[in-house]
Amino acid sequence: DFDHEKIIVDLQQPLVYDQQRSWPNYIYGVIQQLQLAGFQLKGGDLLICGDIPAGAGLSSSAALEMALIRALLFLSGETIDPTQAALLG
């Protein structure tokens, strides 16, 4: 949906809000909240795609956040309670 746009996140550096592009901020926010909750994240390559239209009122951002939480924690060997995941998202 974003012309194969690529972002690289350094998990060791402070995350900065991107004023030029909105969608990476969902990724930054999820990573930040997981780290603040004490999860030790490890790196990985993620490809994000979907068929929920952005802005269609179908919670595409919430779906992205939950998918990111599950993927990042899986890659890191961490687990999370579903309620905690929803609250962090």
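## Nonpolar core

In the largest nonpolar core, which has 17 residues, the members that touch the most others are Leu 34, Leu 41 and Ile 69. Helix 1, helix 2 and helix 3 are the elements that give two or more residues to this core. The most comes from helix 1, which supplies six residues. The model described here is predicted.

Beyond its neighbours within four places in sequence, Leu 34 is in contact with Phe 39, Leu 41, Ile 69, Leu 72, Leu 73, Ile 80 and Leu 88. In soluble globular proteins, nonpolar side chains tend to be buried together.

## Helix 2

Helix 2 covers residues 60-76, 17 residues in total. The distance from its first C-alpha to its last is 24 Å, close to the 24 Å expected at 1.5 Å a residue.

The buried residues of helix 2 are Leu 64, Glu 65, Leu 68, Ile 69, Leu 72, Leu 73 and Ser 76. Seen down the helix axis, these buried residues fall within an arc of 145°, so they line one face of helix 2. An α-helix has 3.6 residues a turn, so residues three or four places apart point the same way. Arg 70 and Phe 74, on the other side of helix 2, are exposed. Helix 1 (23-36) and helix 3 (82-88) are among what covers the buried residues of helix 2.

Just after helix 2 comes Gly 77, with a positive phi of about 70°.

## Asp 18

Asp 18 lies in the segment before helix 1. Its relative accessibility is 15%, and because buried means under 20%, Asp 18 counts as buried. Leaving out residues up to four places away in sequence, Asp 18 touches Pro 24, Asn 25 and Tyr 28.

Notes:
Residues numbered from 1 in each chain as written. Predicted model: local features only at pLDDT ≥ 70, side-chain atom pairs only at ≥ 80, totals over all residues. Heavy atoms only, no water. Helix = DSSP H or I, 4+ residues; strand = E, 2+ residues; numbered from the N terminus. Expected span 1.5 Å × (residues − 1). Buried < 20%, exposed > 50% of the residue type's maximum accessible area, 1.4 Å probe, protein only. Arc of directions from axis to C-beta. Contact = heavy atoms within 4.5 Å. Core = buried A, V, L, I, M, F, W, Y, C linked by side-chain atoms within 4.5 Å.
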